[in-house]
Amino acid sequence: MTRRSRPGTSAARTFEALPPTKGSRAPFAESWWGRAWLRSLEESSLDSGRLSRGRTYARGGAVGPVTIAPGSAAAPVQGSHRTPYRSTVQVEQLTDRQWDQLLDMIAERAANIAALLDGEMPTGLADDAAAAGVPLLPGPRDLDPGCSCPDWGYPCKHAAALCYQVARLLDHDPFVLLLLRGRGERELTDELGRRNTARASAEAAASAAAAGAGPAALPARPGDPAGPTFASRTALPPLPGPPPLPDRPGRGPALVDSAVPESGLDPAALELLAVDAAARAHHLLAGALGARHTDTAPPAPLTEWQDAVRLAATHPTLDVFARIASNCGRTPGELAAATRAWRHGGAASLDVLESPWNPPASHLKRAREALRADWADGRPPRLRSWRNRWTVEGHAAQLRLGRDGLWYPYTKDRGTWWPAGPPDADPAVVLSTLLAA
């Protein structure tokens, strides 16, 4: 079932694809630590529908070989396209200091080591680790799924399928969880052996000291400033960890009633910009403290209009809305549609609202085929096509394809098309939601 890497080359392990179990309603995890993994996934998900489809994909054998490495799991997942998507889930790794605490807890009791080698995760170990501030089991914020598909779901159905498959692997081997947290089985067993040897040596030294023979100190050369440090057998303290993320961004100084402003200054506008800067700084700090910071590309800079729409969407007050509309030369209706689009998908959604384009004909053909395949009776409503827009005949409903590969829902009200919800990579999901509203 599993192919382990050779000792010394990499801690990663690759598990062969599990066979399909279509029609089965057996749980994905029977062990308590496997169920804890699924609970973390389901509590952090923003869409239960995608979780349901992920379970179907996992049971249907869509998940290929799963590679578990420190801090991540990855696998190809077969979706509706001919080529499988590359799905991943990132897991926060424990710090060196946390590992030191955890290994001490494991080494303190021989029963802990015996249970791990027997394929069990000791409940007492997890409880002791949690009490010491070492999160052995993942919490709702510890899983970060990702996928090469264009779906913005959190997680998408492909990444959800991978997470459900990982739960099966965790069920049979608790060292999979420890590897996700940052250390491989070989490394852990070697380190536990060293700690057991050190513990035995310390106990022997204590016995000798009790019998009158003091421990031997390291020789210190006269005039050597490092000598006392080595002779004392003390270690330097570990480096401090990164600063904690505040619960919420600050609001900045109150300027409106503080003093008479200089000519040309607008205290209310400055207060708004300070609040907005604090919110953006909080968002950037959260990203910098995350496990995927180093492999995440910085966002593209916004245009003046995009940033104005972002401000109006982020700070929805009548005064801010009116001033932005006036300064940008847009009508209130145009800005209202733009802010609604922004809330459903940022700059990509705003582009869908304002810029029709011509997708490749092959892309639209595959989308129509997927729509027919996913529709209940294979006969979706009639659609009138123009560029990247599909209008549903007989309904005030429309689907728009974005340049990001997602389908955006629109509804018509008093002759104007309005963004109607978040996008999805599957046009059948968007269309069925639109028609059910």
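1. Basis of the values. The model is predicted, so that local features need pLDDT of at least 70 and side-chain atom pairs count only at pLDDT 80 or more, while totals for chains, interfaces and linings use all residues. Residues are numbered from 1 along each chain as its sequence is written, and side-chain values use heavy atoms, with hydrogens and water left out.

2. Overall make-up. The chain contains 15 helices and 11 strands, where helices (H or I, at least four residues) and strands (E, at least two) are DSSP runs numbered from the N terminus. Of its 437 residues, 39% are buried; here buried means under 20% relative accessible area, exposed means over 50%, and partly exposed lies in between, with a 1.4 Å probe and protein chains only. The chain exposes about 24800 Å², of which carbon and sulfur atoms supply 55%, the areas coming from the Shrake-Rupley method with a 1.4 Å probe and, for residues, only the protein chains shown counting as cover. Among contacts (heavy atoms within 4.5 Å) with a separation of 6 or more, 64% are between residues 24 or more positions apart.

3. About 40 Å³ of space lies in the largest cavity, where grid points are joined across faces, edges and corners and the volume is the space filled by probe spheres set on the points.

4. Lining of that cavity. The residues that line the largest cavity are Met105, Glu108, Arg109, Asn112, Gly124, Leu125 and Asp128. Helices α3 (96–108) and α5 (123–131) each supply at least two residues of this lining, and α5 gives the most, with 3 residues. By class, the lining has 2 nonpolar, 2 polar and 3 charged residues, on a scheme in which Ala, Val, Leu, Ile, Met, Phe, Trp, Tyr, Cys and Pro count as nonpolar, Asp, Glu, Lys and Arg as charged, and the others, Gly among them, as polar.

5. Aromatic pairs. The structure holds 2 aromatic pairs, for which rings of Phe, Tyr and Trp (its six-membered ring) must have centres within 6.5 Å, with planes under 30 degrees apart counted as stacked, over 60 as edge-to-face and the rest as tilted. One of them joins tryptophan 32 and tryptophan 33 in an edge-to-face arrangement, at 5.8 Å centre to centre and with 90° between the planes; tryptophan 32 is partly exposed at 25% relative accessibility, whereas tryptophan 33 is buried at 3%. Tryptophan 390 and tryptophan 407 form a tilted pair, at 4.5 Å centre to centre and with 35° between the planes. Because tryptophan 390 lies in strand β8 and tryptophan 407 in strand β10, this pair ties together parts that are 17 residues apart in sequence. Tryptophan 390 is buried at 1% relative accessibility, and tryptophan 407 is buried with a relative accessible area of 1%.

6. Backbone points to check. Most residues other than glycine have a negative phi. Arginine 387, in the loop between β7 (383–386) and β8 (389–392), has a positive phi of about 55° and is partly exposed at 32% relative accessibility. Arginine 414, in the loop between β10 (407–413) and β11 (416–419), also has a positive phi of about 55°, and it is exposed at 82% relative accessibility.

7. Buried loop residues. Asparagine 388 lies in the loop between β7 and β8 and is buried at 1% relative accessibility; leaving out residues up to four places away in sequence, asparagine 388 touches Pro356, Trp357, Pro359, Leu399, Arg400 and Leu401. Leucine 406, in the loop between β9 (397–401) and β10, is buried at 0% relative accessibility.

8. A buried helix residue. Histidine 158 is in helix α6 (residues 157–172) and is buried, with a relative accessible area of 4%. Apart from neighbours within four places in sequence, histidine 158 is in contact with Tyr57, Val77, Gly79, Tyr85, Ser87, Cys147 and Cys149.

How values were computed. 1 Å grid on protein atoms, 1.4 Å probe; cavity = no way out; pocket = protein on both sides within 12 Å on 5 of 7 lines; lining within 4 Å.
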